[in-house]
Amino acid sequence: MDGVNFSTETVWEGNIEEGGNFKYYYKRSGRQFISDATDLSEIAGARYDFLLSSNCLEHVANPIKALTEWKRVIKEGGAMIVVLPNKQSNFDHRRPFTKFEHLLDDFTQDVGEDDLTHLDEILALHDLPMDPPAGDLEHFRQRSLKNFHNRTLHHHVFDIQLIEQILRYVGLEIIDMTTTRTDFFALATKNRDVGDGAAAQ
């Protein structure tokens with residue numbers, strides 16, 4: 001099993017190194033890739049039986065582009081598990097849900113990870129007391145302006161409908177959707193008979 005992270009230094013994991021040092025279980029390790037979620041070009045297509053993304057996609061400015069890459073690296077019949085936060089339990093609870101059309105625009109316009117389109121909305125509606133590391137509003141603003149380097153912002157806010165729409169759009173077959181107080185869990189598979197793109201909406 002291998003791991004992917006966007007940087008060798010993150011606020012969640014501290015310092016990590018690229019190479020064969022991704023420890024995922026007692027005395028077992030795989031390769032640590034340093035790559036953006038939207039660019040897994042170092043990884044060959046159809047390499048993995050499954051892909052797990054936990055509380056990552058909300059930090060990605062172009063989620064459909066990321067899902068397209070994630071689908072590419074799993075085998076036919078392989079599984080994808082995507083975990084996304086339920087805004088009702090976190091600092092996004094005041095923000096509106098993102099519309100599918102917005103994510104589609106981001107994809108067709110090839111929006112990059114330096115995008116700060118949602119910054120004004122985030123600064124106005126982020127519940128700071130629920131996010132102690134963010135500090136006060138000015139500290140949070142300064143940190144957010146450096147989001148390309150720290151990736152702490154939640155670009156988009158997801159609900160079940162939006163998750164289903166984007167998974168189907170990239171041509172994944174949804175097997176199960178589970179909602180908890182804190183998260184949404186989606187299980188989908190890459191099957192030969194499921195098409196990509198607009199026809200899958």
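## The β4–β5 pairing and its sheet

Strand β4 is joined to strand β5 (residues 28–34) by four bridges, and the two run antiparallel. Helices (H or I, at least four residues) and strands (E, at least two) are DSSP runs, numbered from the N terminus; two strands pair if DSSP finds at least two bridges between them. The structure is a predicted model, in which local features need pLDDT of at least 70 and side-chain atom pairs count only at pLDDT 80 or more, whereas totals for chains, interfaces and linings use all residues. Residues are numbered from 1 along each chain as its sequence is written, and side-chain values use heavy atoms, with hydrogens and water left out.

Within this pairing, Tyr25 stands opposite Arg28 of β5, and Lys23 is opposite Ser29 of β5. The two strands form a hairpin with two residues between them, and Lys27 in the turn has a positive phi of about 60°. On the parallel side, β1 and β5 pair over three bridges, with Gly3 opposite Gln32 in β5.

Together these strands make an open sheet of three, in the order β1-β5-β4, with mixed pairing. Its edge strands are β1 (3–5) and β4 (19–25), each of which pairs on one side only. Neighbouring strands of this sheet are turned by 40° against each other on average, direction ignored; axes are lines fitted to C-alpha atoms, for helices over the stretch in contact, and angles run from 0 to 180 degrees between N-to-C directions.

## The four-stranded sheet

A further open sheet has four strands in the order β6-β7-β9-β8, and its pairing is mixed. Strands β6 and β8 (173–179) stand at the edges with a single partner strand each, so one side of each is left without a neighbour in the sheet. Neighbouring strands here are turned by 10° against each other on average, direction ignored.

Strand β8 is joined by six bridges to β9 (residues 183–189), and the two run antiparallel. In this pair, Ile174 stands opposite Ala188 of β9. Helix α1 packs on the sheet, touching β6 and β7, and its direction makes about 145° with that of β7. Contact means heavy atoms within 4.5 Å. Helix α6 lies across β7, β8 and β9, running at about 160° to β8.

## Helix α1

Helix α1 (residues 63–73) is largely enclosed by the rest of the structure, because eight of its eleven residues are buried. Buried means under 20% relative accessible area, exposed over 50%, and partly exposed in between (1.4 Å probe, protein chains only). The buried residues are Pro63, Ile64, Ala66, Leu67, Glu69, Trp70, Lys71 and Val73. They pack against β6 (48–54), β7 (74–85), α2 (100–108) and α6 (160–169).

## The largest pocket

The largest pocket has a volume of about 1300 Å³. On a 1 Å grid over the protein atoms alone, a cavity is a set of points where a 1.4 Å probe fits but cannot get out, whereas a pocket is an open set with protein on both sides within 12 Å along at least five of seven lines; lining residues have an atom within 4 Å of a point. Grid points are joined across faces, edges and corners, and a volume is the space filled by probe spheres set on the points.

The lining of this pocket comprises 46 residues, of which Val4, Ser53, Ser54, Asn55 and Cys56 lie nearest the centre. At least two lining residues come from each of β1, β5, β6 and α1, and β6 gives the most, with seven. By class, the lining has 21 nonpolar, 14 polar and eleven charged residues. In this classification Ala, Val, Leu, Ile, Met, Phe, Trp, Tyr, Cys and Pro count as nonpolar, Asp, Glu, Lys and Arg as charged, and the others, Gly among them, as polar.

## Individual residues

Tyr48 is found in strand β6 and is buried, with a relative accessible area of 16%. Leaving aside residues up to four places away in sequence, Tyr48 touches Asp2, Phe33, Ile43, Val73, Ile74 and Lys75.

Ala46, in the loop between β5 and β6, has a positive phi of about 55° although it is not a glycine. Ala46 is partly exposed, at 39% relative accessible area. Arg151 likewise has a positive phi of about 55° without being a glycine. Arg151 lies in the loop between α5 (147–150) and α6 and counts as buried, at 8% relative accessibility.
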